[in-house]
Amino acid sequence: MRDLSLRLLLTWIASLILMGLFVFVAAAIHLHTITSFDEVIIAFVQGSEVPWLTATMKAFTTIGSTGIVALISFASLAILLWKRHRAQAVLLVAVIGGTGILNQVLKFIFKRERPEFHRLIDIGGYSFPSGHTMMAFSLYTIIAYIVWRNLRTSWGRAAIITAAALMIMMIAVSRIYLGVHFPSDIVGGILASAVWVIASIAVYQRFQRKMLSAWKESGVN
């Protein structure tokens with residue numbers, strides 16, 4: 001039990017650190033001190049443009065769209081309810097729903113315009129933080145976390161973490177490649193989602209701890 005309390009404390013500390021980093025990035029965008037970082041990354045990513053890679057990036061950005069994210073989320077929710085993992089189903093809904101709301105709130109607050117150069121697809125709305133990146137990070141991270149908790153083999157856990165990281169990376173990079181986001185939008189999106197996911201998991205683990213304590217007490221009585 002003491003180990004769990006320590007993990008929860010470290011989780012909240014990690015959330016605060018990530019929140020501080022998000023504030024740092026947001027401030028750098030406001031002060032225009034992150035422009036060089038954005039330009040170097042954009043030049044590197046878009047400098048490798050070829051037809052097959054453009055098609056691949058469009059495919060990954062489609063996977064990160066609202067419709068596909070909703071489809072994967074509902075399918076995952078159905079599986080969790082079918083398996084009677086109700087607490088994990090609530091966690092999934094909280095993470096995905098909360099991420100969508102958080103992204104819209106942050107976009108409204110910062111109102112950063114999208115890049116205007118070398119855009120390969122048309123899209124509206126504000127740029128910071130990246131909605132595709134936030135949803136991809138939250139979706140695949142929470143699915144990996146839930147699957148990881150239900151797996152017992154090391155290779156299975158390693159495989160799900162690797163797959164989740166690959167999906168997040170490819171969707172994030174696709175937004176820079178297609179010219180609809182600055183790299184700092186991507187970094188901000190990852191940081192914002194990481195804060196929300198970690199905080200959600202911390203609340204979930206605290207709930208699980210209380211349930212375990214209550215179960216033990218009822219067993220003694």
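Predicted model: local features only at pLDDT ≥ 70, side-chain atom pairs only at ≥ 80, totals over all residues.
Residues are numbered from 1 along each chain as its sequence is written, and side-chain values use heavy atoms, with hydrogens and water left out.

View 1. Helices are DSSP runs of H or I with at least four residues, numbered from the N terminus. The side chain of histidine 181 reaches the backbone oxygen of serine 127 at 3.0 Å, and a polar contact of 3.3 Å joins it to the side chain of aspartate 185; a polar contact is a pair of N or O atoms within 3.5 Å, in which, within protein, one must be able to donate a hydrogen and the other to accept it, and residues adjacent in sequence count only if both atoms are side-chain atoms. Beyond four places in sequence, histidine 181 is in contact (heavy atoms within 4.5 Å) with residues including Lys107, Arg114, Ser130, Gly131 and Ile186.

**View 2. Asparagine 103 in helix α5, residues 86–110.** Asparagine 103 is buried, with a relative accessible area of 5%. Its side chain makes a polar contact of 3.5 Å with the side chain of glutamine 104, and, not counting residues up to four places away in sequence, asparagine 103 touches Pro129, Ser130, Gly131 and Met134.

**View 3. The largest nonpolar core, with 51 residues.** Such a core is a set of buried Ala, Val, Leu, Ile, Met, Phe, Trp, Tyr and Cys residues joined through side-chain atoms within 4.5 Å. Leu92, Tyr140, Ile142 and Tyr145 touch the most other members, and the largest share of this core, 11 residues, comes from α6. Leaving aside neighbours within four places in sequence, tyrosine 140 is in contact with Ile63, Ile72, Ala164, Met167, Ile168 and Ile171.

**View 4. The largest pocket, holding about 420 Å³ of space.** On a 1 Å grid over the protein atoms alone, a pocket is an open set of points where a 1.4 Å probe fits, with protein on both sides within 12 Å along at least five of seven lines, and lining residues have an atom within 4 Å of a point. Of the 23 lining residues, Thr66, Val69, Ile96, Gly100 and Met135 lie nearest the centre of this pocket. The elements that give two or more residues to this lining are α4, α5 and α6, with α5 giving the most, eight residues. By class, the lining has nine nonpolar, 11 polar and three charged residues.

**View 5. The second largest pocket, holding about 260 Å³ of space.** This pocket is lined by 15 residues, of which Ile29, His30, His32, Ile34 and Arg112 are the closest to its centre. Both α1 and α2 supply at least two residues of the lining, and the largest share, four residues, comes from α2. The lining divides into eight nonpolar, three polar and four charged residues.

Terms used. Buried < 20%, exposed > 50% of the residue type's maximum accessible area, 1.4 Å probe, protein only. Points joined across faces, edges and corners; volume = space filled by probe spheres on them. Nonpolar A, V, L, I, M, F, W, Y, C, P; charged D, E, K, R; others polar.
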